[in-house]
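Subject: Structure handover

Hello,

Here is the structure for you to look through. My notes follow below it.

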Amino acid sequence: MTSPAVSRARSGPPPPLTEVLANRRWWRDDRPFPHFRAQGVFTPAFYDALVEHRRRVERRGRSETADPSRLSRNMLNSDAYAWDFPPDLGGPLSIFVSRAWHDMIAAMTDVPATGDVNCALHHHHAGSRDGFVHGDLGVAWFSRQPRADGINPMDLARCSYTDGSGPEHASAVDRVRAVTAIFYLDNEGWQPGDGGETALYLRQSDPVRRPAVAVAPVDNSILVFENTPHSYHAFLRNPTRARNSVILWLHRANSDVMTRWGVEVAKSWGQVPLDGGIDP
Amino acid sequence: MGKGEHRRMERSPRKRVCLLTGAGGAFGSAFCQQLASDYDIVAVHRGAPPQVPTQDQSRIDPLDPRKPLVVNTHRVFAVQADLEDDREIDRVVELALARYERIDLLVNAAVSYSFGPLLGSRRLLDSLEQQFRVNSILPVKMAVTVAERFWQVHDQDNLSENRNVVNLSSTASFTVRADTGGAGYSTSKVALNYLSRFMAQEFKRVGVRVNALAPAAFPTAEVPMRAVLDGVRQLDSGAMTGRILVLDGQGPQLR
């Protein structure tokens with residue numbers, strides 16, 4: 001039977017994490033760089049609600065050009081479809097942009113996150129290509145319209161995430177991507193050999209097909225890692241079946257990154273385009 | 001719990017130190033999961049590590065990530081290595097001794113298997129050498145390397161510490177059944193049984209016992225994983241040497 005919390009979540013605010021988190025024993029693994037993994041993340045009822053919410057978006061159809069209302073090809077260097085969460089999103093998927101989820105991920109990774117969040121559905125159709133080995137550390141721009149709980153969701157109608165351009169350019173703030181979280185859903189029956197794993201690497205020069213770790217896109221599982229100068233990862237091609245996921249980025253202050261890794265790190269930011277070019 | 005504490009590994013001087021090969025397999029993972037509280041385990045794996053807390057991986061509560069968890073108390077020391085390379089055997093033994101300063105029990109559980117007919121296909125034939133390398137010869141190389149690096153210079157301690165080798169064999173080594181396609185696997189385990197007995201004779205001079213454990217296919221209702229783990233413990237705690245402990249669902253029998 002569906003719990004009241006899950007029922008309420010179908011259109012309203014997400015339920016408390018304590019009611020829907022099924023797995024309270026996640027793995028922290030330091031190789032090839034610190035990351036967190038878990039399977040069976042949510043209760044079956046809430047996971048089903050997440051899948052249904054994803055399918056409601058899917059039923060709008062997909063677009064080959066950028067379209068904020070649908071899964072669309074809006075990433076320059078990826079052949080995947082993405083649907084960026086609108087800033088006023090409600091329903092089950094909004095749990096990923098909730099204050100509680102933000103704070104949980106930030107505490108887990110020990111990152112001083114600012115509350116600025118970018119979250120999207122990704123759909124890699126069967127036959128998607130390998131990604132390239134990259135890190136997500138780079139500048140991101142946000143307009144300032146924080147919710148009452150302090151979370152400031154990305155709003156592309158006001159400000160470009162990539163370069164800050166847009167109607168609210170003057171008041172936009174630059175942040176740095178701090179944490180990447182990938183939740184895998186609606187990939188029922190995934191088997192080894194189907195592809196679509198998220199691959200982790202020790203070095204950026206490692207061949208994309210020879211990762212240190214390949215995280216399988218098993219339903220109701222998650223991968224989380226801090227974006228550092230060494231968190232190299234890539235999407236592995238999926239020849240036989242589509243791969244679906246929710247991608248979330250948390251952010252930190254620019255000065256925090258400079259303090260931790262030095263100004264030299266910033267020189268690399270211009271080499272990897274944000275948003276339109278990164279596809280984990 | 002701070003970041004650095006993720007790496008802290010509890011170590012009790014009372015624990016026996018076990019060097020385990022094949023730690024990424026079903027038996028190896030179960031051994032690590034269920035016996036890490038009794039042994040300090042050096043878990044040697046070729047591919048994915050055993051899914052247990054190690055020096056590199058631990059469990060956290062996502063809602064309270066700094067809270068120490070009991071499940072992380074007994075971590076194994078995981079070492080990735082391709083033991084078909086002799087230099088890797090040396091490295092693994094060195095690492096084990098550097099980490100724990102002694103080896104009380106060597107469990108040879110790494111395995112290679114390929115099943116198929118001898119006639120009509122090259123698959124089994126092509127795998128024969130590797131099956132013998134991993135299943136028969138590697139256990140000897142591991143034991144000899146440990147002996148040369150440690151046991152030979154501690155022969156008095158070896159007796160008092162009841163140090164020993166357990167080679168994981170199989171009841172498949174007792175029968176000839178052509179329909180199983182297991183000519184390579186079965187005969188590699190036959191060789192392991194006899195090599196274990198020869199080793200037992202020679203290793204007496206350094207005070208180290210050598211035995212084999214031969215379960216039927218497991219885990220099954222007849223031979224659950226627990227029975228196989230208990231078999232290792234029986235051989236480790238006993239005084240026998242040159243014996244084969246058979247687990248075929250009829251109760252443990254020493255041959």
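Which helices of chain B each supply at least two residues of the lining of the second largest cavity? They are α3 (123-149) and α5 (183-203). Helices (H or I, at least four residues) and strands (E, at least two) are DSSP runs, numbered from the N terminus.

This is a predicted model: local features need pLDDT of at least 70, side-chain atom pairs count only at pLDDT 80 or more, and totals for chains, interfaces and linings use all residues. Residues are numbered from 1 along each chain as written, chains are lettered from A and ligands numbered from 1 in written order, and side-chain values use heavy atoms, without hydrogens and water.

**Cavity**
α3(B) gives the most to this lining, with 4 residues. The lining divides into 7 nonpolar, 3 polar and 1 charged. B:V134 and B:N135 are among the lining residues.

**B:S112**
B:S112 sits in the loop between β5 (105-108) and α3 of chain B. B:S112 is buried at 11% relative accessibility (buried: under 20% relative accessible area, exposed over 50%, partly exposed in between; 1.4 Å probe, protein chains only). Beyond its neighbours within four places in sequence, B:S112 is in contact with residues including B:V134, B:N135 and B:Y185 (contact: heavy atoms within 4.5 Å).

**Cysteines**
The whole structure has 0 disulfides (cysteine sulfur pairs within 2.5 Å). A:C119 has none because its sulfur is 18 Å from the closest cysteine sulfur, in A:C159. B:C18 is in no disulfide either; the nearest cysteine sulfur, in B:C32, is 8.1 Å away. A:C119 is buried at 2%, and B:C18 at 0%.

Best wishes

Key: On a 1 Å grid over the protein atoms alone, a cavity is a set of points where a 1.4 Å probe fits but cannot get out, and a pocket is an open set with protein on both sides within 12 Å along at least five of seven lines; lining residues have an atom within 4 Å of a point. Ala, Val, Leu, Ile, Met, Phe, Trp, Tyr, Cys and Pro count as nonpolar, Asp, Glu, Lys and Arg as charged, and the others, Gly among them, as polar.
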